[in-house]
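Please consult the sequence and the structure while reading.

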Amino acid sequence: MSKIFICGMAFLLGAPLAANGADDWGTWNDYAFRVPIKKEKLYLKCSFQSRFREDLDEFYYYHFYFGPEYKPLKWLTLSAQYANVNSGPPGDFRTEHRPMFFVTPSFSMADLGVDKDGYLGPLTLQLQNQLWWRIRPYAAHTQTWRYSIFPTLSYPVLKTENLTISPYAGNDFYYNLTNNIGYNENRLCGGFRVRLYKKVVVNLFYMRRAFRPGRGGDWDGSHVIGTGLLLEF
């Protein structure tokens, strides 16, 4: 089972990162809560994230997200959120308004009828699709669209009534849909999610981020250490 899991992650993360320089280290910290409106079907989710760069020395970004999550099927989550994003050099933050739309199917091998009674059954593939409408009065293109697809594999290595530990790995591909720029960012990440008492989820991860300013431009990169805390009511 472990060999299959490792091979699957290697296949999932197979897209090369083209960034040559990646000397900078940063941190992203996310805090969120989710409130049920209709049990197991409809939720309201809100989150706040802050980011530091320049070897953790410069606070350059924060955002607020909020909006509904709807589960029409056990394996499918739909969401529409509004994001208020502020970023820039210290003392010169600029605001972006960002309506966002999510379509996220998620399947375990057991759900697909694969290895129901073996070790592979809990292995889960999640495929998050995001579409952003970016409204930035200060940018050359005031209104733009961006799409990302984020496949993730996870596997619970420990699961009890009050504790679940799941390592995961994923690769997030970003596409700028304006002016034919196309693929211009990649976020390769791996980490652990720890669920406590079914109400608290702690997330710790490392991300290797690669990005370029335009179509065919040179890639740059950075390292990110991330944390997350989700409270579910």
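Strand E9, formed by residues 163-176, is mostly covered, with eleven of its 14 residues buried. The model is a predicted one, and the description below should be read accordingly.

Which strands pair with E9? Strand E7 (residues 143-154) runs antiparallel to E9 and is joined to it by seven bridges. Within this pairing, Ile149 stands opposite Phe173 of E9. Strand E8, comprising residues 158-159, also pairs with E9 in the antiparallel sense, here over two bridges. Lys159 has Thr164 in E9 as its bridge partner, and the hairpin that joins E8 to E9 passes through three residues.

Strand E10 (residues 182-196) is a further antiparallel partner of E9, with 14 bridges between the two. One point of reference in this pairing is Ile165, which stands opposite Val194 in E10. The hairpin of E9 and E10 has five residues between the strands, and Asn179 in this hairpin adopts a positive phi near 60°.

**Leu204 in strand E11**

Attention now turns to a single residue. Leu204 belongs to strand E11, which spans residues 200-211.

When its neighbours within four places in sequence are set aside, the contacts of Leu204 are Tyr168, Gly190, Gly191, Phe192, Gly226 and Thr227. Of these, Tyr168 falls within the residue range of E9, while Gly190, Gly191 and Phe192 fall within that of E10.

Strand E2 (residues 42-53) and strand E3 (residues 58-73) run antiparallel and are joined by twelve bridges. Leu42 has Tyr70 in E3 as its bridge partner. In the hairpin of these two strands, four residues lie between E2 and E3, and Glu54 takes a positive phi near 55°.

E3 is in turn joined to strand E4 (residues 76-87) by nine bridges, again in an antiparallel arrangement. Phe66 stands opposite Tyr82 in E4. The hairpin that joins E3 to E4 runs through two residues.

How values were computed: Residues numbered from 1 in each chain as written. Predicted model: local features only at pLDDT ≥ 70, side-chain atom pairs only at ≥ 80, totals over all residues. Heavy atoms only, no water. Pairing = 2+ DSSP bridges. Contact = heavy atoms within 4.5 Å. Buried < 20%, exposed > 50% of the residue type's maximum accessible area, 1.4 Å probe, protein only.
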